[in-house]
Amino acid sequence: MNFYLTDEEIKLLKAFHKTVKDRKIADKVKCVVALAQGFSFDDIANILLIDERSARRYFETYNKGGLELLCKMKEATAKTKLTEDEIELLKEELRQNCYNCSKMIALYIFKTFHKKYTNNGLVLLLKRIGFVYKKTKYVPSRANLEEQLNFIEEYQKLRSKIDKINAVILFMDGVHPTYNTICNYAWIEKGKDKGVKSNTARERLNINGAYNPVTKDIIFSSLSKLDARSIVNFIKKLERKYQSQEKIYLICDNARYYKTKLLREYLQTSKVEMFYLPSYSPNLNLIERLWRLMKKTILYNQYYDSYQSFCDSIKKFFLNKSKRRKKELSLLMTENFQLFENY
């Protein structure tokens with residue numbers, strides 16, 4: 001179908017729209033104008049919450065009889081075929097299982113409730129009952145909710161008393177950014193592609209870092225590799241920085257280089273005390289958010305013509321102590337921990 005209207009017709013429709021008090025009629029007029037101006041059915045469906053078939057009917061009706069017939073046309077008021085109890089069962093099914101397309105859901109409805117839905121009708125139903133089509137998220141398969149809750153409880157107890165005992169809490173972790181471009185989302189002109197240069201290098205920058213949730217301090221070291229000796233040297237660096245504190249509580253994951261014999265021996269005479277996170281719980285390590293911010297700021301859609309410029313940009317990110325960065329960290333690095341449920 002050719003959705004064409006003259007500039008004069010569009011002007012008249014817009015003027016009429018300003019005078020309309022009936023919301024349904026106003027939506028029909030908006031739909032006709034949008035189609036004439038080149039908007040896609042997806043755009044119109046997202047904005048006006050109507051399906052493609054309705055949009056086509058509005059335009060065809062306007063072409064046949066103008067505004068008068070468009071205003072008089074009756075809606076196809078097909079009521080939801082599922083009962084409220086059946087809708088609750090459907091919602092629970094969608095919460096428990098992943099369906100990649102609406103056809104699979106329609107098949108489930110037919111097998112379970114012996115009722116048929118068209119694709120458009122089902123999409124409207126799903127939106128009405130609070131479901132949207134979006135990407136799933138990775139979560140660790142062995143995350144334990146009870147262990148996460150126990151850690152948060154212990155952390156809050158420790159956090160409440162560190163000022164009284166002249167101690168500091170730090171979150172520690174390692175990160176290994178690779179010298180290559182990481183493509184990500186960006187605002188790009190519709191119908192166009194945006195290329196970002198890449199290289200074939202696979203060099204990595206090994207970083208061990210610690211984050212202070214109170215002062216927002218970032219302590220880091222770039223290393224040839226993360227191993228027992230480099231971790232001991234990093235802890236010595238933390239001891240020098242916080243030499244006035246009587247105790248350093250260091251929270252980290254269960255990586256092998258944080259549990260070596262050499263490190264255990266060193267900690268016997270150190271003021272550093274290690275607190276290990278529950279297994280498969282990166283969500284509880286605040287510094288993970290810092291790594292994500294670093295990747296977003298420095299790595300995504302960025303090309304570096306040399307490994308040295310790549311390393312310099314990352315180090316500059318960690319050394320940034322501007323007011324803007326501190327405000328950014330204050331908003332991002334709050335001590336509100338996300339929980340991974342037992343899926």
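This is a predicted model: local features need pLDDT of at least 70, side-chain atom pairs count only at pLDDT 80 or more; totals for chains, interfaces and linings use all residues.

Colleague: Is Thr181 buried or exposed?

Modeller: A residue is called buried under 20% relative accessible area, exposed over 50%, and partly exposed in between (1.4 Å probe, protein chains only). Thr181 has a relative accessible area of 14%, so it is buried.

Colleague: Which backbone oxygens lie by a polar atom of the Thr181 side chain?

Modeller: A polar contact is a pair of N or O atoms within 3.5 Å; within protein, one must be able to donate a hydrogen and the other to accept it, and residues adjacent in sequence count only if both atoms are side-chain atoms. For a polar atom of the Thr181 side chain, the backbone oxygen of Lys197 lies 2.6 Å away, and the backbone oxygen of Gln302 lies 3.5 Å away.

Colleague: Which residues line the largest cavity?

Modeller: On a 1 Å grid over the protein atoms alone, a cavity is a set of points where a 1.4 Å probe fits but cannot get out, and lining residues have an atom within 4 Å of a point. Grid points are joined across faces, edges and corners, and a volume is the space filled by probe spheres set on the points. The count comes to 1 cavity of 30 Å³ or more, and the largest holds about 40 Å³. Its lining consists of Tyr179, Asn180, Thr181, Asn199, Gln302, Tyr303, Tyr304 and Phe310.

Colleague: Where is Arg325, and is it buried or exposed?

Modeller: Arg325 lies in helix H13 (residues 323-332), and with a relative accessible area of 8% it is buried. A polar atom of the Arg325 side chain is 2.9 Å from the backbone oxygen of Phe317. Apart from neighbours within four places in sequence, Arg325 is in contact with Phe317 and Asn320.

Colleague: What does Ser313 contact, again leaving aside its neighbours within four places in sequence?

Modeller: Ser313, which has its place in helix H12 (residues 307-319), is in contact with Ile298 and Tyr304. A polar atom of its side chain also lies 3.0 Å from the backbone oxygen of Ser309.

Colleague: Why is the protein chain described as more spread out than a compact globule?

Modeller: The radius of gyration is taken over C-alpha atoms, and the globule rule is 2.2 Å times the number of residues to the power 0.38. The protein chain has 13 helices and 5 strands. Its radius of gyration is 29 Å, well over the 20 Å that the globule rule gives for 343 residues, so the chain is more spread out than a compact globule. Along the principal axes, the C-alpha atoms fill a box of roughly 90 × 50 × 40 Å.

Notes
Residues are numbered from 1 along each chain as its sequence is written. Side-chain values use heavy atoms; hydrogens and water are left out. Helices (H or I, at least four residues) and strands (E, at least two) are DSSP runs, numbered from the N terminus. Contact means heavy atoms within 4.5 Å. On a 1 Å grid over the protein atoms alone, a cavity is a set of points where a 1.4 Å probe fits but cannot get out, and a pocket is an open set with protein on both sides within 12 Å along at least five of seven lines; lining residues have an atom within 4 Å of a point.
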